[in-house]
Amino acid sequence: MSHTPLTQRPVWTELKSLYANLKDETLRQLFAADPQRGERMSLEACGVYLDYSKHRIDASSLSALLRLAADCDLQQHIEAMFTGQKINSTEQRAVLHTALRAPASKAILVDGENVVPLVHHVLARMSAFSDQVRSGAWKGHTGKRIRNIVNIGIGGSDLGPVMAYEALKHYSQRDLTMRFVANVDATDFVEATQDLDPAETLFIISSKTFTTLETMTNAHSARAWLIAKLKDQAAVAKHFVAVSTNAEAVTKFGIDSANMFGFWDWVGGRYSMDSAIGLSTMLAIGPQGFKEMLGGFHAMDEHFRTAPLAQNMPVIMALLTIWYSDFFAAETVAILPYDQYLKRFPAYLQQLAMESNGKQTTQDGAAVDYNTSPIYWGEPGTNGQHSFYQLIHQGTRLIPCDFIAFTEPLNKLGTHHEQLLANVFAQAEALAFGKTSAEVAAEGTKPWLVPHRTFSGNRPSSMLLVDRLTPRSLGTLIALYEHSVFTQGVIWNIDSFDQWGVELGKVLAQRIVPELSRSNDAPLTHDSSTNALIRRYLRRRAGAHPPS
């Protein structure tokens with residue numbers, strides 16, 4: 001595979017020239033020059049329709065971006081991932097979240113072992129357990145059925161399950177109350193359990209190593225809460241299960257190792273929601289719903305692996321992100337789902353994209369000299385229209401947008417859905433074409449007000465249109481973004497699957513914890529700011545008796 005630095009490749013230089021020629025052209029001009037642009041710049045795959053015609057690209061720039069992907073050996077990198085090669089170079093691990101949704105008939109080897117049977121063995125155990133809990137056959141310590149499920153995790157062990165539960169709530173078993181605890185702030189745990197009956201509550205502790213600080217702090221608080229109410233340590237075995245690989249620590253906690261559901265080091269946390277980390281999702285929507293979700297993931301996997309680059313939806317989306325990040329200097333991407341069920345989808349994509357590609361070092365250890373991951377953010381429409389859309393429309397920053405909408409509502413109520421879709425289509429149109437000062441003046445607007453009511457337009461967006469939000473279509477959408485993020489990482493020549501940036505703060509926090517509860521006069525050895533903050537905390541805690 002080529003190791004020529006990205007910015008020294010001829011196609012990169014060509015893209016800079018194409019950008020210089022195109023940057024002052026408007027979407028109005030591009031559409032006027034090509035009346036069929038709206039139909040021509042679209043793709044359909046796995047039930048997802050992508051309209052990317054409202055982007056500031058033309059045939060030449062798109063062709064050059066596709067050649068950039070080929071020049072970076074994208075196809076070979078895709079195959080390396082799907083075949084279990086150790087593409088997480090800094091940790092020397094395979095990256096095989098795609099194996100989590102592979103059919104049982106597939107064979108995918110990691111160090112000579114076919115991992116697909118392992119995946120399906122865990123799925124079968126998850127399914128059997130879910131059926132027991134959902135049917136009421138699983139009883140708590142006092143003989144009551146389980147009615148409350150609390151998932152305790154953080155990062156990928158929380159964001160994926162929370163997002164999936166909210167997204168698929170329409171399909172969930174409504175007599176089960178689902179709660180999620182992640183933050184080490186005690187408020188998160190206290191509020192999640194405030195109104196729950198311990199005799200009817202099951203905790204899922206999601207931590208691969210069973211050592212994650214925040215997760216285990218909350219897990220031990222949950223254990224103490226349960227025992228305080230049920231007055232018996234033996235109750236833990238009936239009210240806790242683990243998603244982990246550390247059988248010794250799980251057993252020591254009091255969880256029966258038979259109720260431990262494992263996954264593997266080739267599953268990264270932010271890519272794990274379709275592994276055993278998704279146990280809460282399966283409990284909510286049932287094994288069949290979970291299977292349908294995996295089918296959606298797999299369909300997009302196959303599209304990504306086999307479609308030519310020019311017709312490959314994740315590739316096109318990734319190339320557009322690179323185009324704006326590295327040539328237009330756009331710093332963010334707005335994720336705007338026009339479906340209330342997807343209210344946590346932007347937060348999920350924040351981790352997926354920014355933890356994956358928020359890197360400053362190439363695979364070779366050199367400093368990058370180009371922008372990597374943009375900032376992902378967003379809220380559901382139409383709420384965002386009455387919040388931050390003002391800045392997207394008339395602010396000074398260029399913010400590419402991904403609109404996500406569904407042609408069929410899950411909840412039919414009057415004309416709500418028609419109004420929702422009218423808004424999403426109108427927003428994309430307004431961003432692209434704006435409203436000229438001449439058009440504003442022609443409406444009889446007072447001259448002094450014309451500049452304020454003028455919209456420059458030329459603000460890019462994608463439209464992702466799906467028939468219906470289902471477990472399958474959710475899986476498809478998630479895989480679409482997973483593979484787009486991977487493609488970006490390949491072209492930027494960074495490791496999208498490590499996350500060393502989260503480590504330093506965790507290490508320093510472990511050092512500071514005992515200092516916040518100390519009663520001695522040992523000197524603090526941090527910088528002057530951190531020392532002052534610690535001393536202030538200790539003084540406030542001690543009231544009128546400040547330590548030295």
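The following legends describe close-up views of a predicted model.

In this predicted model, local features need pLDDT of at least 70 and side-chain atom pairs count only at pLDDT 80 or more, while totals for chains, interfaces and linings use all residues. Residues are numbered from 1 along each chain as its sequence is written, and side-chain values use heavy atoms, with hydrogens and water left out.

**View 1. The open sheet of five strands has the order 6-5-7-8-9.** Pairing in this sheet is parallel; two strands pair if DSSP finds at least two bridges between them. Helices (H or I, at least four residues) and strands (E, at least two) are DSSP runs, numbered from the N terminus. Strand 6 (177-181) and strand 9 (260-261) are the edge strands, each pairing on one side only. Strand 8 (residues 240-243) is joined to strand 9 by two bridges, and Ala-242 has Met-260 as its bridge partner in strand 9. Helix 8 (residues 186-193) lies across strand 6 and strand 7 (201-206), and runs at about 170° to strand 6. Axes are lines fitted to C-alpha atoms, for helices over the stretch in contact, and angles run from 0 to 180 degrees between N-to-C directions.

**View 2. Strand 7 is mostly covered within its sheet.** Six of its six residues are buried, where buried means under 20% relative accessible area, exposed over 50% and partly exposed in between (1.4 Å probe, protein chains only). In a regular strand the side chains alternate between the two faces of the sheet. Thr-201, Phe-203 and Ile-205 point one way from strand 7, whereas Leu-202, Ile-204 and Ser-206 point the other way. Five bridges connect strand 7 in parallel to strand 5 (residues 148-152), and four bridges pair strand 7 with strand 8, also in the parallel sense. Ile-204 is the bridge partner of Asn-151 in strand 5, and Val-241 is the partner of Ile-204 in strand 8.

**View 3. Asn-148 is a buried residue of strand 5.** Its relative accessibility is 7%, so Asn-148 counts as buried. Not counting residues up to four places away in sequence, Asn-148 touches Thr-177, Leu-196, Asp-197, Glu-200, Thr-201 and Leu-202; contact means heavy atoms within 4.5 Å. Glu-44 lies 104 residues from Asn-148 along the chain, and the C-alpha atoms of these two residues are separated by 40 Å.

**View 4. An open sheet of six strands has mixed pairing in the order 1-2-13-12-10-11.** Its edge strands, each pairing on one side only, are strand 1 (42-45) and strand 11 (375-377). On average, neighbouring strands of this sheet are turned by 15° against each other, direction ignored. Four bridges pair strand 2 (residues 48-51) with strand 13 (residues 461-466) in the antiparallel sense, and Leu-50 stands opposite Leu-464 in strand 13. Helix 14 (residues 345-357) packs on the sheet and touches strand 10 (332-337), strand 11 and strand 12 (401-406). The direction of helix 14 makes about 165° with that of strand 11.

**View 5. Helix 6 (residues 116-135) crosses helix 12 (residues 279-306).** Their axes come within 9 Å and cross at roughly 130°. Helix 6 and helix 12 are therefore oblique to each other; angles under 35 degrees count as roughly parallel, over 145 as roughly antiparallel, 65 to 115 as roughly perpendicular and the rest as oblique. Residues of helix 6 in this contact include Leu-123, Met-126, Phe-129 and Val-133, and those of helix 12 include Met-282, Ile-285, Phe-290 and Leu-294. The contact residues divide into twelve nonpolar, three polar and two charged. Here Ala, Val, Leu, Ile, Met, Phe, Trp, Tyr, Cys and Pro count as nonpolar, Asp, Glu, Lys and Arg as charged, and the others, Gly among them, as polar.

**View 6. Helix 5 (residues 74-82) packs against helix 12 at an angle of about 140°.** The two axes are 9 Å apart, and helix 5 and helix 12 are therefore oblique to each other. Gln-75, Ile-78, Glu-79, Met-81 and Phe-82 in helix 5 meet Asp-301, Phe-304 and Arg-305 in helix 12. These contact residues comprise four nonpolar, one polar and three charged. Leu-74, Ile-78, Ala-80, Met-81 and Phe-82 are buried in helix 5. The buried residues of helix 5 pack against helix 4 (59-71), helix 12, helix 13 (313-326) and helix 19 (471-492). Just after helix 5, Gly-84 adopts a positive phi of about 80°.
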